[in-house]
Amino acid sequence: MAWNDILKPLSGWKFLFKKPHTIRYPKEDKIPSERYRGIHTNMIDKCIGCGSCEKICMNQAITMKEMDVEVKEGTTNLRPVVDHGRCCYCGLCVDICPTGSLWLSRDYRHLSEDIDTFIIDPNVKEKEREGWQKAPEFSLIPPERGKMEEIPPEKRVKSFMEVFVGYTEPIAKEEAQRCLGCGLCVDACATHMHIPDYLKAIREGNNEEAVRIMFKNNPLSEICGTVCTHFCENVCPVGIIGEPVAIQWEKEFATRTIEDYKKIIDTTIKEKKERVAVVGAGPAGLSFAFYLRLKGYKIDVFEKYEKPGGMMLLGIPSYRLPRKVIEKEIKFITSTGVKIHTGTQIGKKKTFKELLKKYSAVFVATGNTKPYTMGIPGEEGKDTLQAISFLYDVNTGKKIDLKGKKVLVVGGGNVAMDAIRTSRRLGADVYLSYRRREVDMPADELERKEAKEEGIEFMIQTLPIEVIREKGKIKAVKYVPTDMDFSEKGKRPKPVPRMNDVRTLEVDIIIEAIGQGPDLTYLEQEFGESLKIEKGKPVVDKNLMCSIKGLFFGGDMANKQNDIVSAVADGRRAAEGVHNYLQNK
Amino acid sequence: MSILNKFRGKSLWMLHYCTGCGAIEMPPVMTSRYDMERFGIIPMATPRQADILLITGYLAVKTLKRVIRTYEQMHSPKWVVGFGACTVNGGMYWDSYATIKKLELYLPVDLYIAGCMPRPEAIMDAFIELRKGISSGKYEGWKKYIENYDWYKKNQAKLFDVKKWSVNYE
Amino acid sequence: MSDFITRLKNITGLNIHKEKLYQASLKVDKEKIRKTLLDLKKEGFLQFTTLTCIDWIEEKTFQLVYHLWHREEKLHLKVKIDIDRDAPIVETVSDIYIVAQTYEREVKEMFGVDFKGNKRLIPFILEDWNEIPPMRRDFNTREYVKDMYETEDRTEEIFKPRWKKYD
């Protein structure tokens, strides 16, 4: 036995005062790494309830449950509940979540004897939480939409040709793939078009099926694909990641691939005896006529002007909505057997009472034709134009020369945008006066962007107070800047004019585009007190029937939204309403 | 009996049935990193001496037979710990033809640990919880198995021949 | 590599496609599989990597793919044969490559393809299996799982469009 055999083992004593390798759990805790994926947390207020997490989960671990939450525009009351007996913490739900409300916390401990307790409600209210969240630079869905070719501003101000060229097939297919299939857009759309369904059809290259799905809810799909207020895109959750899915352009692409709708859409009709009259061949009247015709009724449409189309034809300039698009849609609607009598104004020679006697029901959709005025000194007179009459003149081909003239357009809606861009195309120097901030403008963002590109000067937060005239001709406009008053919550801010800061602008022509309302004088003359009117619009029930039996109202004159798609929705709803009314009569 | 339970909770021998992927979390628990011997729990090689049966992860029908035979060979009192999502509700094998989904249909599970897979701390938590529960007499799955023997056998018989794979089955 | 494939073509008279670097494939008739593999083994394909099967249910065929590996030339060769799905019988290659015995057992169990002449075609990993072989595409896994293991399949509920209420 050597000394070494005794001494060597003693070297083990050197570890006596070292910190032990063992983690003395539970006395000392080991904190998991920063990006550890544990049990879910979901911000209940930030979540919009789109259900993308439920759809992407391979293990079907997530169930969307109805919860007691406030439902805002573009959200649902569904929130995820996760079964941690199935979850494998892959984090796909977090990656797909468009709002980023769903996280995987660093908490991973859950013990139980009962397997039902593994279904955990992850919804929390607290703002402070930590855990694994979606990386900002990474997205399962491409944040940018497919690019569309556009005519450059210098070229397009010289003519009335369409600004956008349209999608090509490969880009359209790629763009359709960005859809999450949540269906929030369907809730937002006035006429509830089945958007995820037709995007799926486009993705699969089946444009005919896509158009068939569109026409179930909207017989003016191509027009809506070209000009629409696209509430669908405003609520699209992909818009939170980047740009929303280009639903409108997809629709335009699919409809333009079809030469003749008659060939692909089934329009076999079982004829019925009843006859129904429609007053006004605008979007509401046409959609009403189409859907009621499909139910078998005989339809007569009466239109004041020489061509059917209403405000679509007379109000919207052709660089936004080419005339051949309107003609194509109206040709399809008339091919089902709808008769359109143009140049026939109801209320003058023919009266509404006559129509009610002759027809089983009458649908009135004459739109907003009476423009509002500013009511400032010097306003009335020569060279003060109303935007809709100005657009009507231009669209009907009347020669108007604005070359070298200075034009001031007052207003911030889409009509104002049409007015400024049309007058720019006629060669004028254009100024736009709007009394609120630019973000408050009701006009589309795209329209505003394009208008600026075309060299139109935006005078934001200004209010004209007086028109100065010299020998009857307009010389200048006095205006004041405004301040915003945010005291009323939930509403748009109120403009407060700064009256001591008066400025002047030399102009030749003023175009007013501050809104319009329905013209009900001829109806009032005929029906008097028996027709109930509130805030300038006729009162209607859920079937859109007014206080007089058999008389239905729809379109701009009855709804608040005042756009094409709402008018189409009204027409469709009224068609159902008339059908119910005539069945139960 | 309560005094007996107190002693039982202090010294537990564990049989770990490791065919699932979760077994990879066991080495740190058993060895010096987390050192489960601090709680009087040591791994045991045979079912006859073991108190805890730890099922780590999924069980195929084929392995379930062996697990049931193992469980029935263990002496009472005995406890089963289900480990990971697979034993709770099938986990990521929820649509596989080969694996069972809910372990509690075939064996009386006393405690489940969530996770895919659970971290060693969660396993340590489970052991602490189990020790407490055993001392207080809360976990009595083995009694449940005897009382509901026919129900368990009926569920097992759906998958395989129970006569061949059970110990002492009349 | 290409030289080797050309030489191989000349010697065996087989139509070999080069797919990638180190990878080539070849399609032969069902009857010629034994002769082909014998020839290839003589040329130096000593390693039988695996045997896989593909269920082309629309064409009513099973495609068997024999994966071979040439060590010196570093070539992975896939030999494919098509067999009838209704009568899936093929001659064994287990006497040429002894490892094929096990792979054939697996394919027999998962797809129900019979290998004539294989001496060890006994059950493999499935026990007490009374259904059609599970890897066949006409085997409805979800249905089977629902019956056997009391689990729920919510696919329909999850992908049901919420907007049907507007129809």
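In the predicted model, β1(C) pairs with strand β2 (residues 23-27) of chain C in the antiparallel sense, over four bridges. Within this pairing, His17(C) has Ser25(C) of β2(C) as its bridge partner. Both strands belong to an open sheet of five strands with mixed pairing, ordered β1-β2-β5-β4-β3 in chain C. β1 (16-20) and β3 (47-56) of chain C stand at the edges. Each has a single partner strand, so one side of each lacks a neighbour in the sheet. Neighbouring strands are turned by 25° against each other on average, direction ignored.

Two helices contact this sheet. Helix α1 (residues 2-12) of chain C packs on it and touches β1, β2, β4 (61-70) and β5 (75-84) of chain C. The direction of helix α1(C) makes about 160° with that of β1(C). Helix α2 (residues 33-42) of chain C lies across β2, β4 and β5 of chain C. It runs at about 170° to β5(C).

Chain C also contacts chain B, through 21 residues from chain C and 20 residues from chain B. The area buried between them is about 1600 Å², and carbon and sulfur atoms give 50% of it. Glu127(C), Tyr149(C) and Glu150(C) supply 40% of the area that chain C buries against chain B, more than any other three residues.

Five salt bridges are counted between chain C and chain B. One of them joins the side chains of Arg142(C) and Asp95(B) (3.1 Å, N to O). Seven residue pairs are in polar contact across the interface. Helix α4 (residues 141-149) of chain C gives the most to the side of chain C that touches chain B, with seven residues. That side comprises 12 nonpolar, two polar and seven charged residues.

Methods. Residues numbered from 1 in each chain as written. Chains lettered and ligands numbered in written order. Predicted model: local features only at pLDDT ≥ 70, side-chain atom pairs only at ≥ 80, totals over all residues. Heavy atoms only, no water. Contact = heavy atoms within 4.5 Å. Buried area = accessible area lost by both parts, 1.4 Å probe. Salt bridge = Lys/Arg side-chain N within 4 Å of Asp/Glu carboxyl O. Polar contact = N/O pair within 3.5 Å; in protein donor to acceptor, adjacent residues only side chain to side chain. Nonpolar A, V, L, I, M, F, W, Y, C, P; charged D, E, K, R; others polar. Pairing = 2+ DSSP bridges. Axes fitted to C-alpha atoms, helices over the stretch in contact; angles between N-to-C directions.
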